[in-house]
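Work through these exercises with the coordinates open. Try each task before reading its solution.

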Amino acid sequence: MIYRHFNAPSRAFTQFSHEIIRHPRLSANAVRLLTWQLSLPRGAREPLSRTAERARIGSCAFTRAKRQLMEEGFVHERRVQGAGGHWMTQQLVSSTPLTSDEANKLLSRTPVPTCTDRVSPQVTPSPRKPAAGQPTTPPADRHPKKDPKEDTSNLPARTDTAESPRHEDARALVGALPLLSPALRHIPPAMRDELTRLAARWLDAGHTPTDVHEHILRGLPGPGTPVQRPGGLVRYLLRDVTPLKAEPSPPPTLSARLQGTRECSGDHIQPMLFRPLADETLCSACVSHVPAPS
């Protein structure tokens, strides 16, 4: 059971319709934003964004609340051009839902403020104070003395001027990329020279064209995932050359003097090699210690 105690205010109050407070499609922030705007004194020109700041409504919540009010017809906006070519946004807040035509009729009756009306005296630029001394122009007749590399952190990419001996093979490798996957069919022709230089570095390092193609295919996204910039993806995959895998070393071989020997399976402190006469697995010392069967 709930009890309500309500005293009608005698001053500083605003009458709202129950349709606003109990609106089924307006969130609490939207209702708070609308009722706050309707409670402002007549002639106030406070924008909705300022009202949201005073009502402690965040930017994302304000965007959703404003969209709901515009969809329900409580808020309307339009862009107009005032004196001097300056564009401004007019906002209309209504206590009842309005159509676009009704809102435009009300906004057309509102005079557009001039440039001087929109600038408040608090933000008027102050007079500039002249700088001390005579004006001078920056020197532009010679190169700077310092190397500009010391003062910049975004250096241009270094390119090798010498052409690789595998340049033509790299060009053929890049030309075959559209045949590998449908995702590589739309590589811009202007990027082929750059991709050719990158592929040539892989070939110079010892990789084969098949190795490079397999490396690119492993870097493509899964089936069904579109590739927006295939040229940039290939450039990223070929940027760093993967080192070649070292070939496995052959197993160690016995010298000619130890050919035909076998390690004894008996109990020895260190491995014991002997030369068997047939298929025996024990050396002569271990055989002499084995007890004869009774």
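The model is predicted, so local features need pLDDT of at least 70 and side-chain atom pairs count only at pLDDT 80 or more, while totals for chains, interfaces and linings use all residues. Residues are numbered from 1 along each chain as its sequence is written, and side-chain values use heavy atoms, with hydrogens and water left out.

**Exercise 1.** Describe how helix 2 packs against helix 4.

Solution. Step one: locate the helices, which are DSSP runs (H or I, at least four residues; strands are E, at least two), numbered from the N terminus. Helix 2 spans residues 28-38 and helix 4 spans residues 59-72. Step two: take the geometry. The angle is about 75° and the axes lie 8 Å apart; axes are lines fitted to C-alpha atoms over the stretch in contact, with angles from 0 to 180 degrees between N-to-C directions. Step three: classify. Helix 2 and helix 4 are therefore roughly perpendicular (65 to 115 degrees; under 35 is roughly parallel, over 145 roughly antiparallel, the rest oblique). Step four: list the contact (heavy atoms within 4.5 Å). Helix 2 gives Asn29, Ala30, Leu33 and Leu34; helix 4 gives Ala61, Phe62, Ala65, Gln68 and Leu69. Step five: sort them. Seven are nonpolar, two polar and none charged (Ala, Val, Leu, Ile, Met, Phe, Trp, Tyr, Cys and Pro count as nonpolar, Asp, Glu, Lys and Arg as charged, the others, Gly among them, as polar).

**Exercise 2.** Repeat the analysis for helix 9 and helix 11.

Solution. Start with the geometry: residues 192-204 pack on residues 230-237 at about 25°, axes 10 Å apart. That makes helix 9 roughly parallel to helix 11. Next, the contact: Glu194, Leu195, Leu198 and Trp202 of helix 9 meet Gly231, Val234, Arg235 and Leu237 of helix 11. By class, this contact has five nonpolar, one polar and two charged residues.

**Exercise 3.** Which elements each supply at least two residues of the lining of the largest pocket?

Solution. Helix 2, strand 2 (87-93) and helix 5 (100-108) do. Strand 2 provides the largest share, six residues. By class, the lining has 13 nonpolar, eight polar and three charged residues.
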